[in-house]
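Here's a quick briefing to read with the model open beside you. Keep the viewer handy and click along as you go.

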Amino acid sequence: MKSIFNYFILVYLCGMLVGSAAAQTGLLRYADRKLAEENYLEAGQGFADAYSRKPTFEAAKGAALAYDALRDYPQAYNWWEKAVNFDQAGENDWLNYIAAANRAGEKDAVFAALDTINASGSAAIKNLRLDSLRQWYGSSANAGLKKLDRINSPSTEFGWVKDRQGRVYFTSDRGGESDRDRKALRIDKGYKYYNKSSDWTGRDYLGIYRKDEDGTIAPFEVPISDVFHAADPYPLQQEDVIFYTVTRDIRRTKNYKVHPEVYFSRLDASGNAVDFKGLPVNAPLEYSVKSPFVDESNKRLYFSSDREGGHGGFDLYYMDYDENFEFQDPVNLGPLVNSSGNETDPFVLDGKFYFASDGHPGLGGLDIFVSDIRDGAFAGAKNLGLPYNSPQDDFGYYETEDKRVLVSSNRPESTGWDDIFEMETLFSRFSALLLECDGEPVTGPLDTSLVRSTDDSNVALSNSGNGMLLGELAPDEDYEMLIRKQGFFAVRDMDISTKGLDADTLEKTYQLVRIPYNTAAYVDLVYYDLDESLIRQDAEVPLNKVAELLKTYSFLNVVVRSHTDARASDAYNEALSQKRADAVRDYLAKFGVDRSRISSEWLGEAELANDCGDGKPCSEEFHQLNRRTELLLLAFPEVGKAYDMPEELKNEDLCDISNIQMPEELPTIYFGFDQSELDLEDMMALEKVALMLRNMLNRHLAISGHTDSRGSDEYNEELSEKRALVVKNYLEGKGIASERLVYEFFGKSRPVNDCEEKPCTPEMHQLNRRTEMILPSIPNPKKNGIKRENQ
């Protein structure tokens with residue numbers, strides 16, 4: 001009894017196994033048939049069901065092939081990954097796996113698989129151009145793609161173009177999901193129509209849509225009746241004509257394919273098509289014609305076709321036409337553009353020919369390529385690389401007059417089957433060249449910051465060490481730059497912006513100026529009565545001027561150096577000079593000058609203006625010259641401090657330090673009739689000139705002597721020389737180097753008052769008897785045409 005029971009159990013289990021095997025075999029046959037019929041949707045489901053019953057190589061590979069055809073790249077990669085784990089997997093299966101991994105964005109899987117295969121013996125693997133893939137994936141692109149959210153939908157959209165009225169056309173199947181009661185179709189951008197009911201994909205027919213300037217999107221109706229697909233709109237820019245691709249309803253009694261054709265129509269004032277005409281090369285029951293593009297300037301129509309005589313798959317052709325749209329015979333673009341694969345979506349702009357291809361080496365699927373047009377010929381094909389291309393299908397390159405770039409793609413970011421993307425600049429390259437006053441690059445360490453205004457975030461900057469800063473800026477943003485270097489003025493630039501920037505790189509040149517620490521900007525003198533420290537009335541004018549300058553220019557401090565004559569003891573004179581320094585300080589304080597900006601020195605009789613010491617008898621005039629306070633206004637007095645460029649000097653060229661020096665109008669020395677001697681007032685005026693020249697070593701002085709009109713030319717010339725020399729000699733006696741003093745004498749040839757033409761008063765003659773002094777402009781050999789940015 002037990003044996004009989006075991007027998008029936010065994011028979012039952014065998015029956016189950018046989019039934020399961022038969023069921024899987026049936027599923028595989030069904031899926032194979034659907035695959036042969038190109039009904040990839042049901043084929044993929046059938047192979048997946050068969051695999052779930054029993055994992056086999058045939059089921060996994062069949063599902064992978066079906067999902068490949070459906071362009072469902074994640075599913076295709078999933079099934080190819082399963083297939084290559086079987087021992088039956090051959091080299092072509094591995095290649096398919098690598099391609100699927102690439103299209104699915106699994107870059108690590110691509111390189112891992114290629115690294116494990118012996119590429120040396122495989123021409124197919126070599127053809128994948130591993131080095132190119134690594135280069136494309138490893139390079140950082142200065143652009144990205146953003147979806148056009150107001151156009152894209154969960155359906156498919158591709159082929160964005162614009163007419164001369166600003167209306168946008170594109171292709172979409174957004175009409176809704178088809179059902180089996182509708183005529184079958186296949187959507188593969190071949191736009192073919194099949195009469196086989198098995199060729200159902202669950203998607204609607206392609207149609208042309210138009211977006212008006214007010215944002216309204218509506219179907220664009222082609223005037224041809226009985227059309228299944230309508231796609232590839234291309235409106236002309238110089239005429240109201242539009243080209244497009246259609247697949248017509250052509251009836252036959254047996255199985256057949258209807259291929260797409262290219263037509264064109266004229267548009268009325270409302271933008272509606274009013275007529276239609278097909279191309280002479282259309283042959284819908286023999287081959288496909290699609291993807292029209294018109295180069296109006298050369299009257300040339302480009303299109304894609306799989307007609308006989310090509311290089312394989314779809315090739316690109318052109319036909320020249322006349323003003324009546326009469327077309328000449330088609331011309332194949334040749335092997336530099338066309339390949340054994342498929343080429344489509346031509347576009348011409350500025351001497352460059354753009355197209356999509358899956359036959360040239362690329363990242364996977366359709367890629368966008370460009371070829372230069374030289375003398376009417378095409379100069380090879382260059383892959384545009386990332387981000388224009390991806391491991392998926394990328395096609396439909398279009399560029400507007402305002403440099404907007406549109407492409408179509410089914411990359412993973414797509415919302416639907418295909419989406420339209422616009423190229424956007426991810427960043428603008430920023431380069432800043434830093435130069436010193438002599439035009440040499442700034443070297444050494446820098447403290448820099450580049451801040452984005454919207455969020456105060458810092459932009460990373462690299463310092464090459466030879467005066468060049470490099471960084472990356474986001475588009476449509478404002479930035480602020482700060483550059484600091486020890487011993488130089490800080491540079492601030494608040495005028496950095498990528499808004500409206502057309503170039504890829506924003507270039508700036510900054511001049512870094514060394515801080516002229518302790519540079520004398522202004523000098524003056526005040527004098528005292530004997531044994532007094534009170535501020536005399538004649539001293540108020542220069543002190544008021546000093547106070548005004550200190551209040552106006554924040555970068556100035558004043559050094560107050562007080563002196564006495566040589567009479568009385570050293571101790572007494574030192575104390576007296578201190579009182580005089582304190583009196584000046586107190587006087588300036590009344591104007592609100594902070595005491596921290598005033599430094600005092602009291603030198604007693606240690607630095608006499610003349611040789612009146614050691615009991616040597618001197619006139620009262622010479623003693624007066626010694627009773628003085630020197631006022632030195634020094635710019636940037638704190639050595640080592642990191643000064644910002646003062647607002648008052650932002651428009652000055654500080655490579656020439658004379659631009660921060662503010663010498664007063666120099667005195668004119670007047671002489672008595674037939675005289676060339678100096679009086680006390682003259683010497684006091686020249687003491688100030690000497691003080692200026694001793695502290696402004698970059699300055700030279702031009703001295704010119706003159707006479708009135710009385711006397712002979714020869715006598716007056718000699719007298720004018722004496723008058724010039726007396727000033728020059730006095731300044732040399734104050735320690736001013738002779739080479740810094742240039743003198744001339746003009747006799748009576750350059751009078752202030754022309755007394756030869758009219759009688760002159762004694763006062764008018766007096767104005768002619770003079771020695772003038774001027775400060776010549778300083779030639780700046782360092783000026784080199786550097787454009788100074790905001791500093």
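Arginine 266 sits in strand E10 (residues 261–266); helices and strands here are DSSP runs numbered from the N terminus, with at least four residues for helices (H or I) and at least two for strands (E). This is a predicted model, where local features need pLDDT of at least 70 and side-chain atom pairs count only at pLDDT 80 or more, while totals for chains, interfaces and linings use all residues. Residues are numbered from 1 along each chain as its sequence is written, and side-chain values use heavy atoms, with hydrogens and water left out.

- Arginine 266 has 36% relative accessibility, so it counts as partly exposed (buried is under 20% relative accessible area, exposed is over 50%, and partly exposed is in between, using a 1.4 Å probe and protein chains only).
- Leaving out residues up to four places away in sequence, arginine 266 touches Glu239, Asp240, Val241, Asn272, Ala273, Val274, Asp275 and Phe325 (contact means heavy atoms within 4.5 Å).
- Arginine 266 and glutamate 239 are 27 residues apart along the chain, and their C-alpha atoms are separated by 8.5 Å.
- Histidine 563 is in the loop between strand E31 (556–562) and helix H10 (570–589), and it is buried, with a relative accessible area of 0%.
- Beyond residues up to four places away in sequence, histidine 563 touches Ser577, Arg580, Leu603, Gly604, Glu607, Asn626, Arg627, Arg628 and Glu630.

- Helix H2 (residues 40–53) and H3 have axes that come within 8 Å and cross at roughly 155° (axes are lines fitted to C-alpha atoms, for helices over the stretch in contact, and angles run from 0 to 180 degrees between N-to-C directions).
- H2 and H3 are therefore roughly antiparallel to each other (under 35 degrees is roughly parallel, over 145 roughly antiparallel, 65 to 115 roughly perpendicular, and the rest oblique).
- H2 passes H3 in a left-handed crossing (the near helix is turned anticlockwise from the far one by less than a right angle; clockwise makes it right-handed).
- Residues making that contact include Tyr40, Phe47 and Tyr51 of H2 and Glu58, Ala63 and Tyr67 of H3.
- The H2 contact with H3 has 12 nonpolar, 3 polar and 1 charged residues (Ala, Val, Leu, Ile, Met, Phe, Trp, Tyr, Cys and Pro count as nonpolar, Asp, Glu, Lys and Arg as charged, and the others, Gly among them, as polar).
- The axes of helix H3 (residues 57–69) and helix H4 (residues 73–83) also come within 8 Å and cross at roughly 155°, which makes H3 roughly antiparallel to H4.

**Helices H12 and H13**

- Helix H12 (residues 680–695) packs on helix H13 (residues 713–733) at an angle of about 55°, with their axes 10 Å apart, so H12 and H13 are oblique to each other.
- Met683, Leu686, Glu687, Val689, Ala690 and Leu693 of H12 meet Val727, Tyr730 and Leu731 of H13.

**Nonpolar cores**

- The largest nonpolar core has 62 residues, and those with the most contacts inside it are Phe243, Leu279, Phe327 and Phe353 (a core is a set of buried Ala, Val, Leu, Ile, Met, Phe, Trp, Tyr and Cys residues joined through side-chain atoms within 4.5 Å).
- Strand E8 (residues 241–248) gives the most to this core, with 5 residues.
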